[in-house]
Amino acid sequence: MRIVRTQVGIVGAGPAGLLLGHLLHLNGIDSVIVENRRREYVIDRVRAGVLEQGTVDLLQAMGVGAGLRRAGLRHDGLYLSFQGQRHRINLAELTGGKAITVYGQNEVVRDLIDARQQTQRPIYFEAGQVSVAALASSAPTVRFQHDGEECEVRCDFIAGCDGFHGICRPSVPDGVLTNYERVYPFGWLGILAEAAPSLDELVYTYHERGFALFSMRSPTLTRLYLQVPPDEPIERWSDDAIWQEMMTRMSTRDGWKPNVGHIVQKSVTPMRSFVAAPMRYERLFLAGDAAHIVPPTGAKGLNLAASDVVVLARGLRAFYDDGDTSFLDSYSDVCLRRVWKAQRFSWWMTSTLHRFPDETAFDHQRQIADLDYLTGSRAAMTSLAEQYVGLPVEVALEDVGLTRHLHSGA
Ligand SMILES: Cc1cc2nc3c(=O)[nH]c(=O)nc-3n(C[C@H](O)[C@H](O)[C@H](O)COP(=O)(O)OP(=O)(O)OC[C@H]3O[C@@H](n4cnc5c(N)ncnc54)[C@H](O)[C@@H]3O)c2cc1C
């Protein structure tokens with residue numbers, strides 16, 4: 001068996017694991033990243049695309065923001081659309097200049113993998129039979145198979161960054177974690193189309209036939225979503241049927257509609273809210289989707305993964321610099337305060353903008369009134385805006401050895 005020693009064993013090379021690995025590197029802390037998929041698979045996965053202001057600032061400060069500066073699309077506002085009319089919410093004006101940036105998760109992951117490989121610190125792709133053990137000891141381990149060889153990472157701490165379906169959370173003994181969950185009675189049919197975005201900001205649409213979202217990934221790629229039943233077979237939707245439904249739901253009275261193009265990817269994603277608490281068991285720390293899931297309506301998943309690992313990096317830094325465990329001890333509480341606010345926001349955006357199978361005519365009118373109020377009240381718009389661009393993280397960039405980059409805002 002090959003034995004590899006390190007300080008922090010990281011399971012999963014998604015945004016959480018890669019960001020943590022690089023933050024630790026910048027603080028002189030060694031880590032080993034173990035990922036069960038191929039490098040190309042991890043990069044090509046089409047997922048999130050909306051980065052909060054704080055996530056943009058973090059990537060810049062970490063020195064991995066070159067791609068983001070080159071190709072990130074800064075959005076100062078977004079639209080809410082209902083009853084055939086679009087209403088703009090000016091995020092920047094309502095939040096003292098903050099914005100969101102559209103930059104595909106696959107690009108974020110590609111940039112971070114490149115940065116990792118430049119550090120020469122280990123990252124194992126295509127690891128088989130990954131398991132964690134001795135979590136309650138001072139020397140926990142990550143075991144896996146790689147290139148036909150049994151490997152064991154011996155470390156001080158393990159970061160479970162292996163997503164919702166990973167092995168770290170299920171490795172915590174029964175009775176330690178409390179799971180909080182809400183499953184929604186719908187999913188999102190998402191497409192990526194080779195079409196120039198017909199507008200340079202996102203449009204969230206509440207329509208009689210269900211929710212729809214207009215988004216983009218680049219000046220040539222449009223990303224669109226439709227509310228569908230949670231178990232909807234994607235085969236039931238021809239490309240023509242998808243475009244027809246997109247047009248029906250999204251077109252506004254002023255003649256705006258998405259541009260049509262060749263669909264290069266389509267899938268249906270069920271929607272759930274989930275939190276496992278606490279986010280720590282002894283020497284195992286859960287971060288990102290391994291600990292919590294949000295419905296994508298609020299665009300918070302990737303951003304929460306980023307804020308979790310900043311809090312974790314601060315704790316590990318204090319431990320290795322000063323032997324101070326207090327920040328590791330408060331890791332879960334600090335993260336969960338922000339996680340629950342993002343959960344509440346994501347649930348609220350989802351509830352406000354989707355049609356529910358059991359809703360009454362009263363509910364429907366109330367939703368219209370909600371949207372009417374939201375788009376007519378500066379106070380209500382400010383509340384949406386400050387949550388959409390991202391609530392503050394309790395840990396400052398300086399606390400993890402970073403300084404704010406001059407190019408903040410991409
Ligand atoms: C369709 C869709 C749209 C989304 N849109 C948005 C959005 O607009 N904005 C936003 O902020 N978020 C969005 N999200 C959520 C966002 O993609 C996730 O929250 C984010 O990927 C979480 O990062 P993570 O690193 O915690 O987990 P993941 O990205 O899931 O990474 C976990 C990694 O661990 C690996 N892994 C799993 N099991 C093992 C194992 N046993 N051993 C080793 N490795 C393992 C996985 O292969 C993966 O690489 C979206 C998600 C989906 C599915």
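Which strands make up the open sheet, in what order do they run, and what kind of pairing do they show?

A: This is a predicted model: local features need pLDDT of at least 70, side-chain atom pairs count only at pLDDT 80 or more, and totals for chains, interfaces and linings use all residues. Numbering starts at 1 along each chain as its sequence is written, and side-chain values use heavy atoms, without hydrogens or water.

Start with the sheet. Its eight strands run E7-E6-E15-E16-E17-E14-E18-E21, and the pairing is mixed. Strand E7 (85-90) and strand E21 (292-293) stand at the edges with a single partner each, so one side of each has no neighbour in the sheet. Strands here are DSSP runs of E with at least two residues; helices are runs of H or I with at least four. A pair needs at least two DSSP bridges.

Further in, E14 (residues 178-194) and E18 (residues 262-277) pair in the antiparallel sense, over 14 bridges. Ala193 faces Ile263 of E18 there.

Now the ligand. (Asp, Glu, Lys and Arg are charged; Ala, Val, Leu, Ile, Met, Phe, Trp, Tyr, Cys and Pro are nonpolar; the others, Gly among them, are polar.)

Pro15 puts a polar backbone atom 3.2 Å from a ligand oxygen. Ala16 has a backbone N or O atom 2.9 Å from a ligand oxygen. Arg47 contributes a polar side-chain atom, 3.0 Å from an oxygen of the ligand. Taken alone, the ligand exposes 1000 Å², and the protein buries 89% of that (Shrake-Rupley areas, 1.4 Å probe).

H8 (301-322) returns in the second largest pocket, where H8 and helix H3 (53-61) each supply at least two lining residues. H3 has the largest share, five residues. The lining numbers 22 residues; Gly54, Leu391, Pro392, Val393 and Arg404 lie nearest the centre. Its makeup is 10 nonpolar, six polar and six charged. The space is about 350 Å³.

A pocket is an open set of points on a 1 Å grid, with protein on both sides within 12 Å along at least five of seven lines; in a cavity, a 1.4 Å probe fits but cannot get out; lining means an atom within 4 Å of a point.

Four cavities reach 30 Å³ or more. Helix H10 (residues 331-353) supplies the largest share, four residues. The classes are three nonpolar, two polar and four charged.

The second largest cavity holds about 40 Å³. Ser307, Asp308, Val311, Val334, Cys335, Arg338, Val393 and Glu394 line it. H8 and H10 are the elements that give two or more of these residues. Four lining residues are nonpolar, one is polar and three are charged.

Technical notes
Grid points are joined across faces, edges and corners, and a volume is the space filled by probe spheres set on the points. A polar contact is a pair of N or O atoms within 3.5 Å; within protein, one must be able to donate a hydrogen and the other to accept it, and residues adjacent in sequence count only if both atoms are side-chain atoms.
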